[in-house]
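Here is a quick walk through one protein chain, starting with the whole fold and then zooming in on a few residues. Have the structure open while you read.

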Amino acid sequence: EQVLMGDKAVEAVREYSIEKPDYVQYVLYNEEKTVCFIQYWDRSLCVYDVNTNTVLNTMEGLTYMEWFLGTDEDGNSYLLGVNGMYVLNKEMQAVAFIPQARGVDLENKKVYIGWMEEVYEVPLYSKEAILEMGKGE
């Protein structure tokens, strides 16, 4: 399973060296199950390397992250929650929050943003692509 909740989530992280194991709400894994995203009830998120048993990052005050959507060709990870999507770089640091995001198509580089019944496709650009566009070429 890619998403674990409740008792399954708490049990899944018992062997990990994390703080607050009894306060785990969700557990998400990347495609290879080498990185674990642990969402606590206090809205903090712990990014944990399963292979090395180390915490890669801890973030506070996030909206609840409920789905791991994938990793792009640059190593960025996409986590979707109730109010939007976080983008984490390959060092697992948050580099963007996209409010009202409802999904991402990493192959076609599109983000889906929605409100009520309306859904919009928005291009997903890399930092390099944005810098190129800024050069006006």
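## Contacts along the chain

Let's start with how the sequence folds back on itself. Take the contacts between residues at least 6 apart in sequence: 24% of them join residues at least 24 apart. Bear in mind that this is a predicted model.

## Overall build

What does the chain contain in the way of helices and strands? There are two helices and twelve strands. Going along the sequence, the order is β-α-β-β-β-β-β-β-β-β-β-β-β-α. The radius of gyration comes out at 16 Å, close to the 14 Å that the globule rule gives for 137 residues, so the chain is as compact as a globular protein of that length. Along its principal axes, the C-alpha trace spans about 50 × 35 × 25 Å.

## Surface and charge

Of the 137 residues in the chain, 42% are buried. The chain exposes about 8,200 Å², and 52% of that is supplied by carbon and sulfur atoms.

On the charge side, the chain carries 11 positive and 24 negative charges.

## Glutamine 25 in strand β2

Now for a single residue. Glutamine 25 sits in strand β2, which covers residues 24-29. Is glutamine 25 buried or exposed? Its relative accessibility is 9%, so glutamine 25 counts as buried, the cut-off being under 20%.

## Aromatic pairs

How many aromatic pairs does a search of the whole structure find? It turns up three. One of them joins tyrosine 16 and tyrosine 48: the ring centres are 4.6 Å apart and the planes sit at 20 degrees, so this pair is stacked. Tyrosine 16 belongs to the loop between α1 (6-12) and β2, while tyrosine 48 belongs to strand β4 (residues 45-49), so the pair ties together parts that are 32 residues apart in sequence. Both partners are covered: tyrosine 16 counts as buried at 10% relative accessibility, and tyrosine 48 is buried with a relative accessible area of 0%.

Tyrosine 86 and phenylalanine 97 make another pair, with ring centres 4.6 Å apart. Why does this one count as tilted? Its planes are at 50 degrees, which falls between the cut-offs of 30 and 60 degrees, so the pair is neither stacked nor edge-to-face. Tyrosine 86 comes from strand β8 (residues 84-88) and phenylalanine 97 from strand β9 (residues 94-99), so the link is between parts eleven residues apart in sequence. Tyrosine 86 is buried, at a relative accessible area of 13%, whereas phenylalanine 97 is partly exposed, at 34%.

## Glycine 114 in strand β11

The last stop is glycine 114, found in strand β11 (residues 110-115). With 5% relative accessibility, glycine 114 counts as buried.

Which residues does glycine 114 touch, not counting those up to four places away in sequence? They are Gln100, Arg102 and Val119.

Notes. Residues numbered from 1 in each chain as written. Predicted model: local features only at pLDDT ≥ 70, side-chain atom pairs only at ≥ 80, totals over all residues. Heavy atoms only, no water. Helix = DSSP H or I, 4+ residues; strand = E, 2+ residues; numbered from the N terminus. Rg over C-alpha atoms; globule rule 2.2 N^0.38 Å. Buried < 20%, exposed > 50% of the residue type's maximum accessible area, 1.4 Å probe, protein only. Contact = heavy atoms within 4.5 Å. Areas by Shrake-Rupley, 256 points an atom, 1.4 Å probe, with all protein chains shown as cover. Lys, Arg positive; Asp, Glu negative; His and termini not counted. Charge placed at Lys NZ, Arg CZ, Asp CG, Glu CD. Phe/Tyr/Trp six-rings, centres within 6.5 Å; stacked < 30°, edge-to-face > 60°.
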